[in-house]
Amino acid sequence: MVIPVAPINKLHTENKGIPIGVLWQSIADRVKGSEFNERMESVRRDMGPKLTAALVEQLNAQGYQAQALEGVVRPAASPDNLDYAKLPTSEPVLHVYFNEVGMYSARFSSDYVPRVNLSAYLMDSKDGDTVYSETIYYGADASGDTSGSVPANARDRWGSFGELVARPGDVARSYDDAVTALATRIARNIRANTAPPR
């Protein structure tokens, strides 16, 4: 069973290309980040449901009988702090949550690239044992193509913040690409690290 993925609270933009300690740049970055978050509000809200659907699809493609778990009660203050023993199932559950989502411009680069980092836990809901767990980095924080690292699509880079906010459709597509790639990687990792489905 896949616990529905909660949307992240906020998309973050970060520009490391500016020297640390420049106050006006720090203020400008906060304003830019707020503007970016507002423009991408519907994308941010939709990422959780899209990732949930992609996880179900990719797990089923790996031979599992996956479906989204309904009736999950989440604490309002901390939606991913779940009591697994109280989940409405006795089946193993996959809990995936976003750690950070946004756009990142590295030091010595003006390009912004997607950053989607998440954690995945496959738990036995009966005794709480962890069957599989991994943090996976997509895009900006990826270091090669490994179990826990997925490079972003090469076309997904924007040369300035202005270009980034001027092309919301392309940015939304880049996050859709990230969701698909991450769901595929999680399903394959689970298949590689657990017993074959019965």
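Trainee: Which residue just after H2 takes a positive phi?

Mentor: That's Gly63, with a phi of about 100 degrees. Keep in mind that this is a predicted model, where local features need pLDDT of at least 70 and side-chain atom pairs count only at pLDDT 80 or more, while totals for chains, interfaces and linings use all residues. Residues are numbered from 1 along each chain as its sequence is written, and side-chain values use heavy atoms, leaving out hydrogens and water.

Trainee: How do you know that the span of H2 agrees with its 21 residues?

Mentor: The expected span is 1.5 Å times one less than the number of residues. For H2 that should be 30 Å, and its end C-alpha atoms are 31 Å apart, so the two agree.

Trainee: Where in H2 is the kink?

Mentor: At Met47, shortly before the proline Pro49, and it is about 35 degrees. The bend is the angle between axes fitted to the seven residues ending at a residue and the seven starting there.

Trainee: Why is Asn37 called buried?

Mentor: Buried means under 20% relative accessible area, exposed over 50%, and partly exposed in between, with a 1.4 Å probe and protein chains only. Asn37 has 13% relative accessibility, so it counts as buried. Asn37 sits in helix H1 (residues 23–39).

Trainee: Which residues does Asn37 touch?

Mentor: Lys10, Leu11 and Arg44, leaving aside residues up to four places away in sequence. Contact means heavy atoms within 4.5 Å. Arg44 is itself one of the buried residues of H2.

Trainee: Why is strand E2 described as largely enclosed?

Mentor: Because 10 of its 13 residues (93–105) are buried, the rest of the structure largely encloses E2.

Trainee: What makes E1 and E2 a pair?

Mentor: Two strands pair if DSSP finds at least two bridges between them. E1 (residues 12–15) and E2 have 4, in the parallel sense, and Asn15 stands opposite Ser105. E2 and E3 (residues 113–123) are joined by 11 bridges and run antiparallel.

Trainee: What is the strand order in the sheet?

Mentor: E1-E2-E3-E4-E5, an open sheet with mixed pairing. E1 and E5 (149–150) are at the edges with a single partner strand each, so one side of each has no neighbour in the sheet.

Methods: Helices (H or I, at least four residues) and strands (E, at least two) are DSSP runs, numbered from the N terminus.
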